[in-house]
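Subject: Structure for you to look at

Hello,

Here is the structure I said I would pass on. Please open it next to this message and follow along.

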Amino acid sequence: GTLRLVRAFVRDQPSSPAAPARGVQLRLGHVALGHVTVHGQPAEGVPVDADVDHVLAALQAGPGILVIHLREADVKVRGLPGGGEARGTLRETHLEQPSRRGGDRGAHFTWNGTVSGIPTTAEATYEGGALDVVLDVPSARPEQIRALWPACPFGATASAHVEVAGAIPALYLDVRASLGPGTIDMRGPLWIADRKVADLRVTAASVDAHAVAPSAPATQLDATGDLLLTAAASGAMGGLATLDVSGTVEGNRVPAATVEASLERAGSPGAAASGQARVVVHEPGATASVDATLAPKGDSYVLGFDARAVVPRLDRVAQLPPVARGRVQASALGTLDLRTMRVDAQVRASAAQLAAGPVRLGVATISGRASGPVAAPALDVDLHGGDLEVPGLLFSSVRASVHGSATTAEVSLSMRGH
């Protein structure tokens with residue numbers, strides 16, 4: 001909608017030529033206001049609840065013309081997400097209608113302040129459909145972010161630099177962000193019509209999962225790939241990502257992998273989302289993959305997983321010491337309730353012609369289940385093996401089992417041989 005101040009000075013339709021009018025010109029070269037309250041909701045806009053103090057401005061208005069130049073003003077905006085507020089200063093801010101450069105409207109603002117205690121600076125220019133925005137968040141501690149996003153899991157300081165430029169609706173987005181030691185760059189076209197689309201190239205370096213969530217292990221991961229995001233006016237949204245990932249977990253190198261993931265939400269913004277992902281591990285001498293699903297359950301989600309690995313020859317896997325030989329295949333199928341953090345997983349594995357130094361095992365199978373709290377699940381694991389050779393001994397049959405928690409498990413072992 002049009003602001004009342006604009007409607008007061010600028011006609012929606014020009015006057016009829018048959019009724020010429022002299023017109024009124026109003027020029028105020030220096031306007032000083034001690035306090036202004038702004039409250040309400042413009043048509044198709046967001047609710048505004050703000051106080052503006054120490055205003056220094058200039059105003060020019062006349063038939064078909066409105067120019068507002070705000071030299072300086074202290075601003076306080078309430079009602080941000082999470083109950084937060086923004087405090088800061090606007091400087092050299094102006095609105096021109098029409099623009100002196102020929103557009104329907106021109107505007108510029110410069111902001112320096114805080115949003116829920118987080119230092120921010122912003123500068124934006126609009127000129128006849130062309131938009132140029134720069135936003136900086138030099139440092140935001142986890143507790144400051146939680147004032148805006150109560151569920152934020154971050155355990156390290158974050159920063160962000162965002163640039164948006166182009167002619168609406170076709171823009172270009174450039175984001176550089178950090179969390180702890182990790183950095184992420186995202187660049188690409190952004191379309192902001194009824195259906196919003198971002199097609200971004202992603203580069204991440206030294207990402208630490210422990211900084212994202214303190215309960216996660218320490219990592220140093222690098223990733224490159226593509227990210228496609230869409231959002232409809234109805235609230236429906238979706239995302240597709242393809243990333244090549246490599247790095248270390250708790251100081252140990254992990255095999256490089258390709259991750260393909262999708263996430264979608266149908267309907268209103270309050271609707272639940274669902275997603276799926278596939279991870280393919282690139283390790284010389286082995287093939288491995290993980291398929292995962294994310295499904296809503298009440299007010300939370302359940303993560304399903306199906307992992308499989310085949311190693312034709314252990315001695316050709318770079319991650320393993322060269323003393324091991326043999327063939328192994330394994331699988332794990334289960335779910336993790338993200339609200340209760342309870343896991344339920346079935347594990348299967350088989351091996352043949354295993355050897356490590358003088359010890360050999362002809363065949364072995366393992367079947368088991370882990371269920372309960374993910375930090376301390378109950379275990380039910382059985383091993384059956386045959387043809388176990390150790391120096392001076394040969395066992396035709398080997399059986400072992402583990403039942404109970406990791407700290408109070410009952411372990412049994414039986415072997416037959418000579």
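Where is Pro 169 found? Pro 169 sits in the loop between strand 8 (158-167) and strand 9 (170-179). Strands here are DSSP runs of E with at least two residues, helices are runs of H or I with at least four residues, and both are numbered from the N terminus.

Before the rest, some ground rules. This is a predicted model, in which local features need pLDDT of at least 70 and side-chain atom pairs count only at pLDDT 80 or more, while totals for chains, interfaces and linings use all residues. Residues are numbered from 1 along each chain as its sequence is written, and side-chain values use heavy atoms, with hydrogens and water left out.

Most residues other than glycine have a negative phi, and most peptide bonds are trans. The bond that joins Ile 168 and Pro 169 is cis, with omega about 10 degrees. Another cis peptide bond runs from Gln 97 to Pro 98, where omega is near -5 degrees. Pro 98 lies in the loop between strand 4 and strand 5.

Two residues other than glycine have a positive phi within a strand. Glu 92, in strand 4, has phi near 45 degrees. For Asp 387, in strand 21 (residues 378-390), phi is near 60 degrees. Glu 92 counts as partly exposed because its relative accessibility is 43%; the class runs between buried (under 20% relative accessible area) and exposed (over 50%), using a 1.4 Å probe and protein chains only. Asp 387 is partly exposed too, at 45%.

Follow the strands in order along the chain. Two strands pair if DSSP finds at least two bridges between them.

- Strand 3 (residues 65-77) and strand 4 (residues 86-97) run antiparallel and are joined by 11 bridges. Glu 72 stands opposite Arg 91 in strand 4.
- Strand 4 pairs with strand 5 (residues 106-115) over 9 bridges, again antiparallel. Thr 89 is opposite Asn 112 in strand 5.
- Strand 5 and strand 6 (residues 118-127) are antiparallel, with 10 bridges. The partner of Phe 109 in strand 6 is Ala 124. These strands form a hairpin with 2 residues between them, and Ser 116 in the turn has a positive phi of about 50 degrees.
- Strand 6 pairs with strand 7 (residues 130-140) in the antiparallel sense over 7 bridges. Ala 122 stands opposite Leu 135 in strand 7. This hairpin also has 2 residues between its strands, with Gly 128 in the turn at a positive phi of about 55 degrees.

Ser 99 is in the loop between strand 4 and strand 5. Is Ser 99 buried or exposed? Ser 99 is buried, because its relative accessible area is 6%. A polar atom of its side chain lies 3.0 Å from the backbone nitrogen of Arg 101. Leaving aside neighbours within four places in sequence, Ser 99 is in contact (heavy atoms within 4.5 Å) with Asp 104, Arg 105, Gly 106 and Glu 127.

Pro 142 is in helix 2 (residues 142-148) and is buried, with a relative accessible area of 10%. Its C-alpha atom is 6.0 Å from that of Gly 155, 13 residues apart along the chain. Apart from neighbours within four places in sequence, Pro 142 is in contact with Phe 154, Gly 155, Ala 156 and Thr 157.

Ser 405 lies in strand 22 (residues 393-405). Its side chain makes a polar contact with the side chain of Thr 408 at 2.7 Å. A polar contact is a pair of N or O atoms within 3.5 Å; within protein, one must be able to donate a hydrogen and the other to accept it, and residues adjacent in sequence count only if both atoms are side-chain atoms. Not counting residues up to four places away in sequence, Ser 405 touches Pro 377 and Ala 378.

That covers what I found.

Regards
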